[in-house]
Amino acid sequence: MKLIISSVSGEPIYEQIKTQIREAVLSGELKAGEALPSLRKLAKELRVSVLTVTRAYNELADEGIVLNVQGKGSFVMDRGNEVMRQSLVTKAKESLGEAVTAAKAADLPLADLHDLLDDAYRRARD
């Protein structure tokens, strides 16, 4: 996993770290049980404060995405975790909302939108 931090984006650095790790977990790039880089290692790599990385990891733990184990490190939680599931459901709802908006703008009938969703779902399962 490669994190890219922008000092000119206007978004706080801890938020950039948090967002990129969350996306890596949700996309499956980071697997359940996988260890995140240590606080010091990531801080050194990104050239940021350890406190910045700590804040990002702690907020991810609060969201149920990672588990912080004292003296061991931070680990990706299992996707079965209810908080993680809710996060995935929310992401799916947002994406479907965007799809509905685009379909309406294109005057796509609901039945055709259902067909597109069915096709996409089948492709993702395989």
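In this predicted model, the largest nonpolar core brings together 21 residues. Three helices, α1 (13-27), α2 (39-46) and α3 (50-62), each contribute at least two core residues, and α1 gives the most, with six. In soluble globular proteins, nonpolar side chains tend to be buried together.

Leaving aside residues up to four places away in sequence, I21 touches M1, L3, L30, L36, Y57 and L60.

Attention can now turn to the open spaces. The largest pocket has a volume of about 350 Å³, and two helices, α4 (82-105) and α5 (110-125), are the elements that give two or more residues to its lining. The residues lining this pocket are L88, K91, A92, S95, L96, L117, A120, Y121, A124 and R125. By class, seven of them are nonpolar, one is polar and two are charged.

The second largest pocket, with a volume of about 300 Å³, is lined by 17 residues, and those closest to its centre are L39, Y57, V69, G73 and S74. Helices and strands both take part here: α2, α3, β1 (66-69) and β2 (73-76) each supply at least two lining residues, with α3 giving the most, four residues. This lining divides into seven nonpolar, eight polar and two charged residues.

Note on methods:
Residues are numbered from 1 along each chain as its sequence is written. This is a predicted model: local features need pLDDT of at least 70, side-chain atom pairs count only at pLDDT 80 or more; totals for chains, interfaces and linings use all residues. Side-chain values use heavy atoms; hydrogens and water are left out. A nonpolar core is a set of buried Ala, Val, Leu, Ile, Met, Phe, Trp, Tyr and Cys residues joined through side-chain atoms within 4.5 Å. Buried means under 20% relative accessible area, exposed over 50%, partly exposed in between (1.4 Å probe, protein chains only). Contact means heavy atoms within 4.5 Å. On a 1 Å grid over the protein atoms alone, a cavity is a set of points where a 1.4 Å probe fits but cannot get out, and a pocket is an open set with protein on both sides within 12 Å along at least five of seven lines; lining residues have an atom within 4 Å of a point. Grid points are joined across faces, edges and corners, and a volume is the space filled by probe spheres set on the points. Ala, Val, Leu, Ile, Met, Phe, Trp, Tyr, Cys and Pro count as nonpolar, Asp, Glu, Lys and Arg as charged, and the others, Gly among them, as polar.
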